[in-house]
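Here is a friendly walk through the model, point by point.

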Amino acid sequence: MPDNRRLSGPKAGVLALFSLALATSASACSKSNKPDCSSPEVFCVGVVTDVGKVDDKSFNQSTWEGVQRAQKELGANGKYIETTDPKDYGKNIAAFADEKYDVVVTIGFALGEATREGAAKYPDTHFIGVDQFQPPGTEKKNLATLVFPEDYAGFQVGALAALVSKSGKIGAVLATDAVPPVWRYGEGFKAGARYAKPDIDLNVVYHNDVGIEKTFSDPEWGKTTAISMIDKGTDIIFGGGGKTGNGALIGAAAKGVYAIGVDTDQYNTVPEAQKFMLTSAMKLLDEGVFDLLKQGKDGKWSSGNVLGKAGHAPYHDLDGKVPEAARAKVEEIQKALQSGALKTNVPPTKS
Amino acid sequence: MAVTEGAEPNALRDRVRKLLGPWVVPALAVVTALILGAGLIALAGGDPLSAYAGMLEGSLGSVNAVAETLLWATPYIFTGLSVSLAFQGGLFNIGAEGQLALGATAGALVGYALPHLLGVNLPAVVHVPLTILTGGVAGGLWGALPGWLKARTGAHEVISTIMLNYVALNAVTFLLNGPMKDPSPENVIARTPLIADSAQLSPIFSGVRLHWGFPLALLVTALVTWMLRRTTLGFEIRTVGANPEAAKYAGMHVSRTIVVSMALSGALAGLAGAIEESALNHRHELGFSQGYGFDAIAIALLGKARPEGVLPAALLFAMMRSGAPRMQFLTQIPVDVISVIQALILLFVAADVMVRRLYRLKGERERVVITRGWG
């Protein structure tokens with residue numbers, strides 16, 4: 001009879017599947033632990049990423065690394081939620097705030113509005129908005145927005161490029177200068193290069209001839225522009241502005257000249273250009289977030305727009321190619337900028 | 001003895017079987033995908049039970065959680081109906097994403113520009129329906145185009161709808177960067193101005209985001225079911241879908257029916273976009289749809305391309321998406337798990353032979369005719 005065969009092959013497969021799932025879940029069961037965030041002794045930090053993964057080798061990852069450091073050094077309980085759809089921003093913030101987390105860290109410009117709303121809705125929760133900005137006069141008491149001086153970062157790598165260049169010709173290939181951070185990187189680069197070497201031959205090009213959407217997503221333009229500069233003797237290219245900037249880095253690597261990236265350590269994000277990545281002009285998100293968390297842990301929460309630190313990425317494969325004098329000069333510049341002894345004189349926006 | 005005992009339950013069993021029969025494979029597909037998903041979660045170092053518990057808690061655990069799940073379900077229901085309606089007509093509409101984007105764009109235009117254009121403030125009772133219906137019309141026209149191409153030239157709708165997605169999405173990108181861009185000085189991204197207050201679909205209760213789009217989705221589901229089952233048009237759509245030769249022989253206007261099916265399908269997707277924009281975003285901006293039009297294909301297949309099947313399928317997908325943040329909050333496993341489970345569901349529904357073999361299901365392999373060949 002057919003009924004007698006019921007426990008043969010396929011049915012047994014299903015059973016095996018079930019028991020496998022049960023066994024694995026049972027073994028993992030003991031791991032669940034939920035910190036009591038409402039207790040004053042327990043310091044809880046929730047991170048809401050922008051649409052994307054927490055290990056994106058970019059802003060999400062750098063911020064999360066700052067929180068991980070807080071876990072290690074401050075004993076914080078850190079958790080993250082990866083946003084999959086912009087309409088969940090508010091919900092993901094609430095997920096932490098409702099559980100009485102001490103602080104909610106949100107990452108990126110796009111979350112700015114949801115973060116301000118969250119800060120208004122949860123006055124007892126502290127918020128850190130990474131790479132966000134509060135217009136003067138509208139600052140919230142429980143919200144610190146972490147802004148970064150792109151011009152400092154541009155200044156450092158500009159000086160480095162001027163000192164490392166052999167031909168005395170350096171170039172920058174950037175997206176539109178209508179977007180303030182891009183402008184500050186570019187003008188900082190100019191100022192830094194001139195500061196380190198007044199007679200440097202500088203060529204800074206913005207992709208202003210196309211619309212705002214295209215200007216950040218035109219790797220082909222970035223690449224060809226970089227290559228045409230290199231053909232005229234330029235031996236270091238600073239590329240910035242989404243895929244357009246990445247295109248410039250790839251163009252430089254294709255021609256075998258040094259490339260400098262932006263925002264995060266692009267040695268990790270543009271593998272095609274890895275061998276020629278001199279450094280990147282970086283926003284030090286991890287340090288900025290960690291510093292704010294440390295102050296908060298000590299009961300001194302910041303609010304308003306907080307100026308984070310800017311720096312440059314490690315030299316990685318090219319470590320041996322950077323002369324000691326240039327290396328020292330860049331470190332000196334970084335310290336002087338941070339302390340205020342040195343000014344970039346770059347206005348925050350064009351015009 | 002066995003006969004007398006078996007007679008009564010058998011009648012009952014037959015009725016149950018007739019009612020539930022078509023849903024055995026989809027249900028088992030979901031169960032199998034969840035079991036495999038549990039294994040995957042365990043491999044990723046998580047605890048499957050607390051992950052699924054978190055998903056349930058996040059999607060149904062409180063009044064607000066339920067409201068958020070229904071909020072997620074709203075665009076899924078509309079786009080799921082869109083793809084299902086086309087399936088019923090023997091057409092595979094992969095263009096829902098583009099139709100949705102155009103619907104949202106057209107709706108936004110009416111939402112922010114019409115009061116200025118007319119120089120008067122419209123009352124919400126006029127402005128909201130106008131905003132949403134314009135979205136439906138825009139999506140419908142965009143959907144009718146591949147229908148017309150198929151009826152006229154035989155161009156296969158799978159190819160033309162995929163291609164037209166690119167045309168639509170790039171056209172929208174252009175509009176949002178150019179003529180329709182929010183002119184406020186602090187704006188640097190591709191988005192329209194905010195739509196007028198009178199064009200905003202309101203929440204059902206204050207304090208939650210769930211809006212009237214959800215009851216509307218239920219109403220439209222009923223309407224589409226009724227249209228397909230009870231009207232001449234519905235009969236024509238189904239007949240053309242099942243056998244266009246026979247439909248032609250029976251005197252039906254096959255080309256016209258194809259165009260109408262695609263137009264209605266596109267209109268449903270356009271409504272999804274316009275409602276989402278009118279009720280939630282209050283403007284159209286790039287990246288607002290994270291693929292509702294593509295998830296819709298999986299939802300329609302899980303619902304066996306029937307409107308009454310789309311509803312539970314859309315709710316299931318909405319539960320997974322809406323519960324994912326809570327799941328991740330509790331377990332810190334990657335939310336990608338949800339996408340993998342949804343893909344597995346789709347796989348098991350599409351390749352139903354696997355499910356039937358695995359669970360030794362008997363019965364004829366009744367299949368949805370999803371699309372016809374190149375003829």
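**Notes on chains A and B**

1. Let us begin with a pair of strands in chain A: strand β1 (residues 44-48) and β2(A) run parallel and are joined by five bridges. To find the pairing on screen, look for Val48(A), which stands opposite Ile81(A) in β2(A). Please keep in mind throughout that this is a predicted model.

2. That pair belongs to an open sheet of six strands in chain A, with the order β2-β1-β3-β4-β5-β11 and parallel pairing. Which strands form its edges? They are β2 (77-81) and β11 (304-307) of chain A, each of which pairs on one side only. On average, neighbouring strands of this sheet are turned by 20° against each other, direction ignored.

3. Next, look for a helix that goes with this sheet. Helix α4 (residues 112-121) of chain A lies across β3 (103-107), β4 (126-130) and β5 (143-147) of chain A. Relative to β4(A), helix α4 of chain A runs at about 170°.

4. Chain A has another open sheet of six strands, and here the order is β7-β6-β8-β9-β10-β12, with mixed pairing. Its edge strands are β7 (201-206) and β12 (310-312) of chain A, each pairing on one side only. From one strand to the next, the twist averages 15°.

5. Now trace some of the pairings in that sheet. Strand β8 (residues 236-240) of chain A is parallel to β9(A), with three bridges between them, and Ile237(A) stands opposite Ala259(A) in β9(A). β9(A) is also joined to strand β10 (residues 277-283) of chain A by five bridges, again in parallel; there, Ile260(A) has Thr279(A) in β10(A) as its bridge partner. An antiparallel pairing comes with β10(A) and β12(A), which share three bridges.

6. Is strand β9 of chain A enclosed or open to the outside? Six of the six residues of β9(A) (residues 258-263) are buried, so this strand is largely enclosed by the rest of the structure.

7. Of its 351 residues, 51% count as buried. Among its contacts between residues at least 6 apart in sequence, 67% join residues at least 24 apart.

8. Turn now to chain B and a pair of its helices. The axes of helix α6 (residues 124-153) and helix α11 (residues 254-281) of chain B come within 5 Å and cross at roughly 145°. This crossing is right-handed. The residues in the contact of α6(B) with α11(B) comprise 19 nonpolar, 15 polar and one charged.

9. Helix α6 of chain B has a further partner in helix α7 (residues 157-177) of chain B: the two pack at an angle of about 145°, with their axes 10 Å apart. The crossing of α6(B) and α7(B) is right-handed. On the α6(B) side you will find Trp142(B), Leu145(B), Pro146(B), Leu149(B) and Lys150(B), which meet Glu157(B), Ser160(B), Thr161(B), Leu164(B) and Ala168(B) in α7(B). By kind, the residues of this contact are six nonpolar, two polar and two charged.

10. Helix α12 (residues 292-302) of chain B is mostly covered, with ten of its eleven residues buried. Among these buried residues are Tyr292(B), Ile297(B) and Leu302(B). What do they pack against? The buried residues of α12(B) pack against α2 (24-43), α4 (63-88), α5 (96-118), α11, α13 (307-331) and α14 (336-350) of chain B. Just after α12(B), Lys304(B) takes a positive phi of about 55°.

11. Finally, visit Ala250(B), in the loop between α10 (244-249) and α11 of chain B. Is Ala250(B) buried or exposed? Ala250(B) has 12 other C-beta atoms within 10 Å, and a residue with 12 or fewer counts as exposed, so Ala250(B) is exposed. Ala250(B) lies 51 Å from Met55(B), C-alpha to C-alpha, and the two are 195 residues apart in sequence.

Conventions. Residues numbered from 1 in each chain as written. Chains lettered and ligands numbered in written order. Predicted model: local features only at pLDDT ≥ 70, side-chain atom pairs only at ≥ 80, totals over all residues. Axes fitted to C-alpha atoms, helices over the stretch in contact; angles between N-to-C directions. Helix = DSSP H or I, 4+ residues; strand = E, 2+ residues; numbered from the N terminus. Left-handed = near helix turned anticlockwise from the far one by under 90°. Nonpolar A, V, L, I, M, F, W, Y, C, P; charged D, E, K, R; others polar. Buried ≥ 20, exposed ≤ 12 C-beta atoms within 10 Å, placed from the backbone. Pairing = 2+ DSSP bridges. Contact = placed C-beta atoms within 7 Å.
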